[in-house]
Amino acid sequence: MPKTVFITGGAKGIGAGCAEAFAKKGYNIAVNYKTSVGAAEELKARLEAMGASVLTLAGDCSNEKRVNEMIAETEKAFGKIDVLVNNAGISLIKLFTDTTEQDWDNIFSNNLKSAFLCSKAVCRGMINNGGGAIINVSSMWGITGASCEVAYSASKAGMIGLTKALCKELSLSNIRVNCVCPGVIMTDMNASLGDDVLSDLTEEIPLSRLGTPEDVAEAVVFLAEAKYVTGQILAADGGMTV
């Protein structure tokens, strides 16, 4: 029976890269998206052309009721969920002194609350099925912090703390919890930075190039399948946090 992966924020960027990487491994793919209907349908067509069974699910991962519904729909379609990839998230570039309470709450709701709710929703099924894997997609800024991205950095640092604590609580149930911290990855989120900024960032990367969603997906798939690895924070950043 094929394994199943549930990917939040999976229609584009890193999420879509992960979906394609898992499809190549023969997984059933459940792709959550919030508003990117067209991108989700295009991804579904690509994955099905690869031979994968695909379920697309619209929903806000910071809404507990909808999260529980999506997990139930996936389990009904594929029998169980073996891997959860908590990838949903948003960014915010703003001076700390200009960051509003609403900004802060919005960032933490989308980036950290979503990971909490989705992880909680899959736990019961994974426990009943004898195990599973949860991979949280944080950021190198969760490790180092970034000027003008305090709220974003704090939310991503929270995902690292979530990973370390949750792995200890779920290890006896054979559920592994790990975290990937991408560097500067060429996605829609970073495309708005502009060529000059991206060029300056590239000069700071030891591998001398920006990352791709496929680069991050390799790390995510590794952590999904590495049976003796848990509680780890893996930076997929070309060496920027060395």
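## Glutamate 69 and its partner

Glutamate 69 has a relative accessible area of 30%, so this residue counts as partly exposed. The structure is a predicted model, and the values in this report are computed from it. The side chain of glutamate 69 forms a salt bridge with arginine 66, with an N to O distance of 3.2 Å. Both residues lie in helix H3, and because they are three residues apart, about one helical turn separates them.

## The network around arginine 66

Arginine 66 also forms a salt bridge with glutamate 73, here with 2.9 Å from N to O. Glutamate 73 is partly exposed, since its relative accessible area is 35%. These contacts belong to a network of salt bridges that links Lys65, Arg66, Glu69 and Glu73. In general, side chains of opposite charge can pair when their charged atoms come close.

The model holds 10 salt bridges when pairs are counted with a cut-off of 4 Å. One of them joins the side chains of aspartate 60 and lysine 34, at 4.0 Å from N to O. This pair links distant parts of the chain, as the two residues are 26 residues apart. Aspartate 60 sits in the loop between strand E3 (54-58) and helix H3 (64-78). Lysine 34 sits in the loop between strand E2 (28-33) and helix H2 (37-49).

Both partners fall in the partly exposed class: aspartate 60 has a relative accessibility of 29%, and lysine 34 has a relative accessible area of 49%. The class covers values between the limit for buried residues, under 20%, and the limit for exposed residues, over 50%.

## A negative patch on the surface

A patch of negative charge on the surface is made up of Asp195, Asp196, Asp200, Glu203 and Glu204. Aspartate 195 belongs to helix H8, which covers residues 195-203. Aspartate 195 has a relative accessibility of 67% and therefore counts as exposed.

## The chain as a whole

The chain contains nine helices and seven strands. Its radius of gyration is 17 Å, close to the 18 Å that the globule rule gives for 242 residues, so the chain is as compact as a globular protein of that length.

Along its principal axes, the C-alpha trace spans about 50 × 40 × 35 Å. Of the 242 residues in the chain, 50% are buried.

Conventions
Residues are numbered from 1 along each chain as its sequence is written. This is a predicted model: local features need pLDDT of at least 70, side-chain atom pairs count only at pLDDT 80 or more; totals for chains, interfaces and linings use all residues. Side-chain values use heavy atoms; hydrogens and water are left out. Patches are made of residues with over 30% relative accessible area and no salt bridge: like charges are joined within 9 Å, nonpolar side chains (Val, Leu, Ile, Met, Phe, Trp, Tyr) within 5 Å. Accessible areas come from the Shrake-Rupley method with a 1.4 Å probe; for residues, only the protein chains shown count as cover. Lys and Arg count as positive and Asp and Glu as negative; His and the chain ends are not counted. The place of a charge is taken as NZ of Lys, CZ of Arg, CG of Asp or CD of Glu. Helices (H or I, at least four residues) and strands (E, at least two) are DSSP runs, numbered from the N terminus. Buried means under 20% relative accessible area, exposed over 50%, partly exposed in between (1.4 Å probe, protein chains only). The radius of gyration is taken over C-alpha atoms; the globule rule is 2.2 Å times the number of residues to the power 0.38.
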